[in-house]
Amino acid sequence: FRSVKIMGIPFANTTRNQFINQLQTRIQNHQNTFVVTANPEIVMYANRNEPYRNLILKADYISPDGIGIIKAAATLKTPLPERITGFDIFTGLLKWADQTQKKVYFLGAKPHVINLLTTKLAANFPGVQVVGARDGYYKDESLIAAEIKAQQPDIVFVATGFPKQEQFIASHRHLTNGLWMGVGGSFDVFVG
Ligand code: UDP
């Protein structure tokens, strides 16, 4: 996609459906992919924190997660079609992973949330191959890295909030040739 820059951050200029389709194509082609969903809070944080800015600029795609980003783009006369939240992408990819039996790894949220998540997945998305589900309050990052490397998931969802999730992805994305994405509070929202 072409991109629209807001405060130096290039946002994917595309619709929600086209965006999710593009990610599915990349997963099918085993292309290593890093997706950041950036809300205004993340844009402001990246603006004052250079290491974090450099880290998210290494992403393959940055989606406009928040009406503030859409409004800023319109004001700058470089409109973006619509808001694409982390939760939209998370649920869109889960539905597809269910139909296509993709291997998915889940990292993040509190232990009881990750337990509810695996139960809900088994009930509603039985085609999803859950190759790992760990809470986001881990002590030993190398253990998780080893598990991901051994399982080779098609998708790794990291729900530990920013900047932790993007830092984790930037240091480990080389372990698979799949998609890696930070999804913030999506696991909490998913389990309700
Ligand atoms: N979280 C986590 N590990 C941590 C800190 C937070 O797994 O060390 C989880 C927390 O339980 C919650 C999510 O990360 O599920 C943060 O959600 P939030 O909506 O605050 O994310 P943000 O929008 O700030 O990225």
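Student: What should I know before I start?

Tutor: The model is predicted, so local features need pLDDT of at least 70 and side-chain atom pairs count only at pLDDT 80 or more, while totals for chains, interfaces and linings use all residues. Residues are numbered from 1 along each chain as its sequence is written.

Student: In what order do the strands of the open sheet lie?

Tutor: Two terms come first. Helices (H or I, at least four residues) and strands (E, at least two) are DSSP runs numbered from the N terminus, and two strands pair if DSSP finds at least two bridges between them. Here 6 strands make an open sheet with parallel pairing, in the order S4-S3-S8-S7-S5-S6. Strand S4 (61-64) and strand S6 (129-134) each have a single partner strand, so one side of each has no neighbour in the sheet. On average, neighbouring strands are turned by 15° against each other, direction ignored; axes are lines fitted to C-alpha atoms, for helices over the stretch in contact, with angles from 0 to 180 degrees between N-to-C directions.

Student: How many bridges join S3 to S4?

Tutor: There are 4, and the two strands run parallel. Ala-38 stands opposite Pro-64 in S4. Towards S8 (residues 179-182), S3 (residues 33-38) has 3 bridges, also in a parallel pairing, and Thr-33 faces Leu-179 there.

Student: Which way do the residues of S4 point?

Tutor: In a regular strand the side chains alternate between the two faces of the sheet. In S4, Tyr-61 and Ser-63 point one way, Ile-62 and Pro-64 the other, and all are buried. A residue is buried if 20 or more other C-beta atoms lie within 10 Å of its own, exposed if 12 or fewer, and partly exposed in between, with C-beta atoms placed from the backbone.

Student: Which residues touch the most other members of the largest nonpolar core?

Tutor: In soluble globular proteins, nonpolar side chains tend to be buried together. A nonpolar core is a set of buried Ala, Val, Leu, Ile, Met, Phe, Trp, Tyr and Cys residues joined through C-beta atoms within 7 Å. The largest one here has 51 residues, and Val-35, Ile-62 and Phe-157 touch the most other members. Beyond four places in sequence, the contacts of Ile-62 include Ile-9, Phe-11 and Val-36 (contact: C-beta atoms, placed from the backbone, within 7 Å).

Student: Which residues come nearest to the ligand?

Tutor: Of the 14 residues around the ligand, Ala-109, Gly-136, Gly-161, Gly-184 and Gly-185 do; near means a C-beta atom, placed from the backbone, within 6 Å.

Student: Which residues does the cis peptide bond join?

Tutor: Phe-162 and Pro-163, with omega about 0°. Pro-163 lies in the loop between strand S7 (155-159) and helix H8 (164-172), and Pro-163 is partly exposed, with 18 C-beta neighbours inside 10 Å. Pro-163 and Gly-184 are 21 residues apart in sequence and 9.6 Å apart in space, C-alpha to C-alpha.

Notes. Contact = placed C-beta atoms within 7 Å.
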